[in-house]
Amino acid sequence: MSVGLPCRECGGRCCKLVPFTIGEYKAVRKRIPSGSEIEDVEFLEGSLPGVPAGNPGKVILNPHGQHGSNTCAFITIDGCSIYADRPQVCRIYGEDTTNPCEYLHPGQSRPIWLLGPEKLLRRN
Ligand code: SF4
Ligand code: SF4
């Protein structure tokens, strides 16, 4: 979800399999309600398309969300529940023509998990 895009209208189509860095993960992990069925999935080599080795991170999933088992744990009917602390990939997704928004440009966008690793590597 990015500033200036119609994310509320869209309802979070890109909010699936979103890669958090370890730091981003630690900042939001405590915001997950205890007792929920949220799942943490480590980035392991080959576990997600495009995730290179040596780039640790997490995806945090609600297995019963709008995108099935791939749903980001933080999407709600009111939008992103951790908006101020959302991962960097969510901030840049859809912001330029190389990363077109899935809602505005169906069929032209790349999944957000493919956007994440290269951006994460730049930050490390
Ligand atoms: S697909 Fe586009 S409009 Fe929908 S939530 Fe993602 S960035 Fe926002
Ligand atoms: S952290 Fe927020 S903006 Fe990012 S995928 Fe999850 S719900 Fe969407």
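The shell around ligand 1 comprises nine nonpolar, three polar and two charged residues by class, where Ala, Val, Leu, Ile, Met, Phe, Trp, Tyr, Cys and Pro count as nonpolar, Asp, Glu, Lys and Arg as charged, and the others, Gly among them, as polar. This shell holds 14 residues, of which Cys 7, Cys 10, Cys 14, Cys 101 and Tyr 103 are the closest; a residue is taken as near a molecule if its C-beta atom, placed from the backbone, lies within 6 Å of it.

The model is predicted: local features need pLDDT of at least 70, side-chain atom pairs count only at pLDDT 80 or more, and totals for chains, interfaces and linings use all residues. Residues are numbered from 1 along each chain as its sequence is written, while chains are lettered from A and ligands numbered from 1 in the order in which they are written.

The secondary structure of the protein chain consists of four helices and five strands, taken as DSSP runs numbered from the N terminus (helices: H or I, at least four residues; strands: E, at least two). Along the sequence they follow the pattern α-β-α-β-β-β-β-α-α. Three of the strands form an open antiparallel sheet in the order S1-S3-S2, two strands being paired if DSSP finds at least two bridges between them. Strand S1 (20-21) and strand S2 (39-42) are the edges, each pairing on one side only. Four bridges join S2 to S3, and Asp 40 stands opposite Ile 60 in S3.

Ile 60 also belongs to the largest nonpolar core, a set of 20 residues in which Val 18, Ile 60, Cys 72 and Ile 112 touch the most other members. Such a core joins buried Ala, Val, Leu, Ile, Met, Phe, Trp, Tyr and Cys residues through C-beta atoms within 7 Å; buried denotes 20 or more other C-beta atoms within 10 Å of a residue's own, with C-beta atoms placed from the backbone. Strand S3 (57-61), helix H3 (88-92) and helix H4 (112-123) each give two or more residues to this core, and S3 gives the most, with three.

Beyond its neighbours within four places in sequence, Val 18 is in contact (C-beta atoms, placed from the backbone, within 7 Å) with residues including Val 59, Cys 72, Cys 90 and Ile 112.

Terms used: Buried ≥ 20, exposed ≤ 12 C-beta atoms within 10 Å, placed from the backbone. Contact = placed C-beta atoms within 7 Å.
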